[in-house]
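Welcome to this short tour. Please open the model in your viewer and get ready to select residues as we go.

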Amino acid sequence: MTASHSETPSTKPDASTFISDHQQVDRSKLSQMYLHYVETKDKYPHAVLLYRVGDFFECYFQDAVKLAQELELVLTSKQAGEQGRVAMSGVPHHAWERYATMLVEKGYAVVICDQVEDASEAAGRLVRREVTRILTPGTLLEEGMLKSSRNNYLAAVVIAANHWGLAYADISTGEFLTTQSSDLEHLRQELMRLQPSEVLVPTNAPDLGSLLRPGETSPHLPECLPPSFCYSLRSQVPFSQGEARPRLLQKFKVRSLEGLGCDHLPLAVRAAGGLLEYLEDTQKENPVPLQKLRSYTVTDYLIVDSQTRRNLEITQTVRDGTFHGSLLWSLDRTSTAMGGRALRRWLLQPLLDIKGIRARLDTIQELMENTPLRQDLRQLLRQIYDLERLTGRAGSGTANARDLVALADSLSRLPELSHLVTEAHSPFLKALQKVPSVLEELAQKLHAHLVESPPILIKEGGLIRPSVNPLLDERKATVEADQQWIANLEVDERAKTGISTLKVGFNKTFGYYISISRTKADQVPANYIRKQTLTNEERYITPDLKEREARILSARDDLNQLEYEIFTALREEVAQEAEVIRNLSRAVAAADVLCGLAELAVHQGYCRPEMLPGREINIVDGRHPVVEQSLPAGFFVPNSTQLGQESLVISHLSLADNQEQITNDNPDLIILTGPNASGKSCYLRQVGLIQLMAQIGSFVPARLAKLGICDRIFTRVGAVDDLATGQSTFMVEMNETANILNHATSRSLVLLDEIGRGTATFDGLSIAWAVAEYIAVDIRARTIFATHYHELNELASIVPNVANYQVTVKELPDQIIFLHQVQPGGADKSYGIEAGRLAGLPAVVIQRAKQVMGQIEKHSKIAMGLQNLD
Ligand SMILES: Nc1ncnc2c1ncn2[C@@H]1O[C@H](COP(=O)(O)OP(=O)(O)OP(=O)(O)O)[C@@H](O)[C@H]1O
Ligand SMILES: [Mg+2]
């Protein structure tokens, strides 16, 4: 412990006894170190400054209070020169990563100011300290701070009226993308898809550099941005065209932005330039290697808005937000961290391009048909570490020797991988056939230089193999000889003095010494110089020993320094190849995803969907991928779906047509009725999930599937209170419904689960009717509408592209059996009262409910009434 921490804290810290605002101090009265602290703090007013003092990282003033509060540490105080006591709290230096991670997770930026020389070197003057690292939620690299299963995105937005630019990067993997579009709703959806850890926003706020933690608001934050993210308020200058453009040109060493695909996208360029400037500003010490900037278009992908992602439980469940039980959970059979992240990205950004989808399907099919290939590939992939992030750490100079060994191990698997797929003919396997020879050579070199299991520390030697460097070998030999001399010394001196308990020891303060028990102290030879007296022993040195010691220590320092230099040169070589490694990593990740999907398809009996340009959705014996996996095998009841007519002229039927029963095999809109708990919601989601899985290029849980490409999937499921935003259940429901009606097209898939139920029955029913009719007649989106309003079944009799389906149950005298089968026709009962009885409502209540229902059921025929209105 340093002196500071052994000081007894002033019993209960009382804010009046110490200063907790660094702006309030008289700097002339601060001791040197505190003055340096305060000056450093001035440069980072918005971050928590962790300042290295001996074995601790300490915080003072307001940061001390913040640190103590957020991490439940003791707040104490410390004398800071004539100025008096200032607030202080601290954490042990070896645990800084853990504490910094906690702060960053809470949305703080953390600045690390470390000692850059040994206290002994300073010899009396102030130890040199420098800012060595700035951590913000979006700029993490440390392995322990990142989740291996997902990307950690830093985003930047530029908004001009209704137009916007968005750039994002994951500095741990090097991905860097930018886009531009015109609907602010799309911007929100993109942010929700990416879930960035930090979003940069150019503003003219006075407190530039401040970080708004999730939920915090500022008048300088554009209203259209969702409040759930961490926002960094930045100056507008680096986001201007004049600065952003040249910065990108220089970074990627290109003459025009055409090659990056964003020449014609000024807002995308500004966002990307601003992001780059932020990285340069925060990563001074460790410039991160980024991949070449890529431009994309939001509308090139299937748009899945955040509601739909939530309702379809793509990455987490609705009920308790867990990963377990989500679609991603049920699909993930990947073997590498890179593959896991890629699958998540694919799921959140399904494709529209049939060719792209077919390429993925072809690869899955080849892997399904060739079981040995699939098994071998999976086996080999399991031995490949996180190449993307290892490369990132090498590039930013934070990788240790273990990282490089892991990287070399992984790289040396690549030739085996390419050998396995020599015969393969599908596109994603062919991509693995060529491993650039530089990577093989790099792996060999790393293996040849680094010992098999090096220590974590890189400045204390023990990293490099013998015979790599003659000078190193020479220095090692010297150090070893000297160590041998010390070892022999004990034996020799025992013999010389006749003291059998004589020992040679070492400690940091005195270096090497000879220890003799006090009872034998009178026998020591004259050349021994007494250095220290302990209770039972005396410690001595000799001039000879001291001379050796000086040599050993300096030789060891030289040795460690040389090892460090050889190591950093190796790391630099890896950084040089970052782009090549990452290109290959991407290919490995994609192959891993597809291998996992093939494995899944084999085990779950999925089929290859036939992807079509039209509007048809034809699923035979479809299943819900997650519910199926959570039930015992064979328990899930498969159901078929047919949606999507080709002809586009739809009008209300005349009353005359209405006389005949209309049979509609391929309706655009299905009204789905059925008792409570029969399986309506499950069926609805199943169709959405199958369509989505098909558009990421996966096989699907069905016996047969012919699917037209969808441009968007919309869902509106259940009535959920959005207390966080203070909106009522019904308003949330109507907002979402409005969003669907305003954005759906005839190529969209719309899944509506009981809309209208959040208000009075007749209001609700009327809205449900009008919405269904509008979607079927005006939008013609393929739609399934699950409802307990059986009156909606009448819609099918006046709109030809609407059909009724029901989930069936079998009614026995004292119970209902759920068949979970979807069949043509409308249900006329919800068995809600029956459900109430089963749940234990008192008999009188049930009885009364039946009477009330009897009265209500004398309803009028809605369809007939409406027909007369037209
Ligand atoms: N096809 C199926 N095969 C087997 N079990 C099913 C099937 N569909 C649904 N289930 C089971 O039935 C349960 C109830 O299904 P679901 O929530 O879809 O009913 P619902 O008709 O929407 O009910 P409610 O009207 O009360 O909302 C599900 O939790 C699921 O376990
Ligand atoms: Mg339901």
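Helices (H or I, at least four residues) and strands (E, at least two) are DSSP runs, numbered from the N terminus. Axes are lines fitted to C-alpha atoms, for helices over the stretch in contact, and angles run from 0 to 180 degrees between N-to-C directions. This is a predicted model, in which local features need pLDDT of at least 70 and side-chain atom pairs count only at pLDDT 80 or more, while totals for chains, interfaces and linings use all residues. Residues are numbered from 1 along each chain as its sequence is written, and side-chain values use heavy atoms, leaving out hydrogens and water.

**First stop: two helices**

Select residues 729-743, helix α24, and residues 761-779, helix α25: they pack at an angle of about 10°, with axes 11 Å apart. That makes α24 roughly parallel to α25 (angles under 35 degrees count as such). Now show side chains: Phe730, Met734, Thr737 and Leu741 in α24 meet residues of α25 including Ile767 and Tyr774. Here contact means heavy atoms within 4.5 Å.

**Second stop: Asp668**

Next, select Asp668, in the loop between β21 (639-643) and β22 (669-673). Is Asp668 buried or exposed? Asp668 is buried, with a relative accessible area of 0% (buried means under 20%, exposed over 50%, partly exposed in between, with a 1.4 Å probe and protein chains only).

Which residues does Asp668 touch, leaving aside neighbours within four places in sequence? Among them are Leu643, Gly644 and Arg780.

Notes. Chains are lettered from A and ligands numbered from 1 in the order in which they are written. Angles under 35 degrees count as roughly parallel, over 145 as roughly antiparallel, 65 to 115 as roughly perpendicular and the rest as oblique.
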